[in-house]
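Me: I have a structure to read and I am new to this. Please take me through it feature by feature.

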Amino acid sequence: MNGGVNGAERRASSAPPFPVLPEVLTSPALKLAVVVVLIGAALLLVKGSVAMGQTTLNGLVSAGYYALGAVGLTLIFGVLRLVNFAHGDMLTFGAYATVGAMATGLPFFAAAILAISASAAVAVAIDTLVWQPLRRRRTSTLQLFLVAIGIALILRYSVQFFGGGQIRSIGLDTLSSIAIGPWRLGTLQLIVLAVGLIVIALVGLALRFTRIGKHLRAMADNMSLAEVSVIDTVKSIRLTWAVAGALAGLAGILYAAAIGSINPNFGITILLSLFASAVLGGIGNAYGALAGGIVIGLSQEWSTLFFNPRWKPAVGFVILILTLLLMPRGIFGRRRTRL
Amino acid sequence: MSVDFWIGVAVVAGIYGIAALGLQLNAGFTGLLNFGQAGFMAVGAYSMSLLVVNGGWPLAGAIPIAIAASILSALFIGVPSLRLRSDYLAIATIAFAEIVRYVFQNAEFAGGNQGMLGYDQAWRSFAGSLSSTLAPWGMGNTQLPLLLAIWIFFGLALFVLNALEHTPWGRVLKGVREDEDAGAEAEMARVGGHVRERDQRVEEGRLGRCGHGVVADGHRHVLARPHRLEARLLGGDGDADGKRGIRARAEVDAEEAEAHAPL
């Protein structure tokens, strides 16, 4: 008894003090924020406040759907070691479900809520039908990759079958815009910006303070440890899929609202930017994915100050590869054992 | 004619077969999840067409340069990313392939979405004269020379792969697959696997282009990759000629890999 207590004391004294602040506020986040602000300030001096403010606004709009999409990816990877290539098509599904529900006469917000629930349901259903049996069989990484790509194709072509292959308008007012000083932002983009930032904050707080959030982070951090703790991993894996699916659905809706139109390929086109966000933040780290999404969104829009906007996605890819090569653990990734 | 149809099918099948052999070296022998395949193919294909169409090179001279370009791009992405764990490597190679696709699809010099035309005139005139020579024997199909070239190359590649599998180097690769950590000092072996595969892939890209006549990068979409991996999986994971039993030999291989580690 005594020995145990002494041992605990020794461990406590040698370990750094338990972090009181959320992980977001500890040093890597501060460093990242300082770097981003410095780059922003430099660009402000070089390019002037009008161009800089406009690209920053646009960047924050896309940060919303990048961050929310990346959280799902990173949770799934952290919990299941699964690189979920079908995640981009979950975004497509969310957007099409919204437009489909609106076609039946539902107002936008009701349709969006319905679509988010449907995305969560689809994600859980895929897990039950496909991933759970494969987990039991301990399928190898290569096979899991191929299954994920297969699911992505099934989702995409199902959407195309029911929704048509053409580019569709989302049926909302995409033309009206608001002037904020010298900057202009579409009304829809403004809503996307607000919803995105609010949900990012809510997701961060939920991960930090709710029991479910703690369970998800614990499982993403170390599955075996979580399993020997009180966490019911079977239930929690299903919950992870539900959360990832719902956030993917929401991200898809935000993305559709931001660009004003949808097509069956639109999810896959931003999938790698989502990967870039997740990897930049340290794959498996939920806060990191949120921060990574904001960084990727800003850097893609800031790059348009120098390059043709058509190269925007390539900026995400380059950041992804550089992160993987230079600091594969990402900004928030901890030194972790290989699983 | 149904014979002509099946010749067309066999051309595509041979190209996929060569690609599957290339992946076999990466994923099957070495356990590397390389999803950048299509990107490396595109590098080879576009280097060759750029040299021929924009640079006025002869086709025969452009092919070795294109192979070299593909090898360089493979080293560029392969050597640093081999430090990564396998699932990260997959993401890195996919991102590389997407960058390649984006660049070629958006760059004016590569024809954008239209792709490039007119690099295969030398091959066409050669194949045309060959098929008109063969026409009296009822083998006048214009795709027949391409078919022969592809399947001869496939046979050669299969032979080389089979031979490689039983060299010390091949055993080191399999050791790496079974235990990536133990294979850390055998990293050079992995780099070798990467590059040699690239050679094959370029060749495949070249043959594929001659078949379609158009280098449109949409073909090199991410979707093209799983088909090849499937082809390789169907052939049996880790055996060039599709026979099974690698797992049973794994322990022996790992021991031999250790013996040959300072390769």
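Reply: Start with one term: a salt bridge is a side-chain nitrogen of Lys or Arg within 4 Å of a carboxyl oxygen of Asp or Glu. Across the interface of chain B and chain A, the rule finds zero salt bridges. Some ground rules come next. This is a predicted model, where local features need pLDDT of at least 70, side-chain atom pairs count only at pLDDT 80 or more, and totals for chains, interfaces and linings use all residues. Residues are numbered from 1 along each chain as its sequence is written, chains are lettered from A and ligands numbered from 1 in the order in which they are written, and side-chain values use heavy atoms, with hydrogens and water left out.

Me: How many residues does each chain bring to the contact?

Reply: Contact means heavy atoms within 4.5 Å. Chain B brings 33 residues and chain A brings 27 residues. Next comes buried area, the accessible area (1.4 Å probe) that two parts lose on being put together, summed over both. Chain B and chain A bury about 2900 Å² between them. Carbon and sulfur atoms hold 77% of that area.

Me: How many residue pairs are in polar contact between chain B and chain A?

Reply: A polar contact is a pair of N or O atoms within 3.5 Å. Within protein, one must be able to donate a hydrogen and the other to accept it, and residues adjacent in sequence count only if both atoms are side-chain atoms. Between chain B and chain A the count is one residue pair, both at pLDDT 80 or more.

Me: Which helix gives the largest share of the side of chain B that touches chain A?

Reply: Helices (H or I, at least four residues) are DSSP runs, numbered from the N terminus. On that side of chain B, α3 (59-81), α4 (86-106) and α9 (224-234) each supply at least two residues. The largest share, 13 residues, comes from α4(B).

Me: How many salt bridges are there over all chains?

Reply: The search of the whole structure finds four. One of them joins Asp89(A) to Arg156(A), with the closest N and O atoms 3.0 Å apart. Asp89(A) lies in helix α4 (residues 87-103) of chain A and Arg156(A) in helix α6 (residues 141-163) of chain A, so the pair ties together parts 67 residues apart in sequence.

Me: Are Asp89(A) and Arg156(A) buried or exposed?

Reply: Buried means under 20% relative accessible area, exposed over 50%, partly exposed in between (1.4 Å probe, protein chains only). Both Asp89(A) and Arg156(A) are buried. Now take the salt bridge of Arg135(A) and Asp127(A), at 3.1 Å from N to O. Arg135(A) is partly exposed, at 31%. Asp127(A) is buried, at 1%.

Me: Which residues touch the most other members of the largest nonpolar core?

Reply: In soluble globular proteins, nonpolar side chains tend to be buried together. A nonpolar core is a set of buried Ala, Val, Leu, Ile, Met, Phe, Trp, Tyr and Cys residues joined through side-chain atoms within 4.5 Å. Of the 130 residues in the largest one, Leu68(A), Phe85(A), Trp131(A), Trp241(A), Phe275(A) and Leu320(A) touch the most other members. Helix α3 (residues 49-80) of chain A gives the largest share of this core, 15 residues. Setting aside neighbours within four places in sequence, Trp131(A) has contacts that include Leu82(A), Leu144(A) and Trp241(A).
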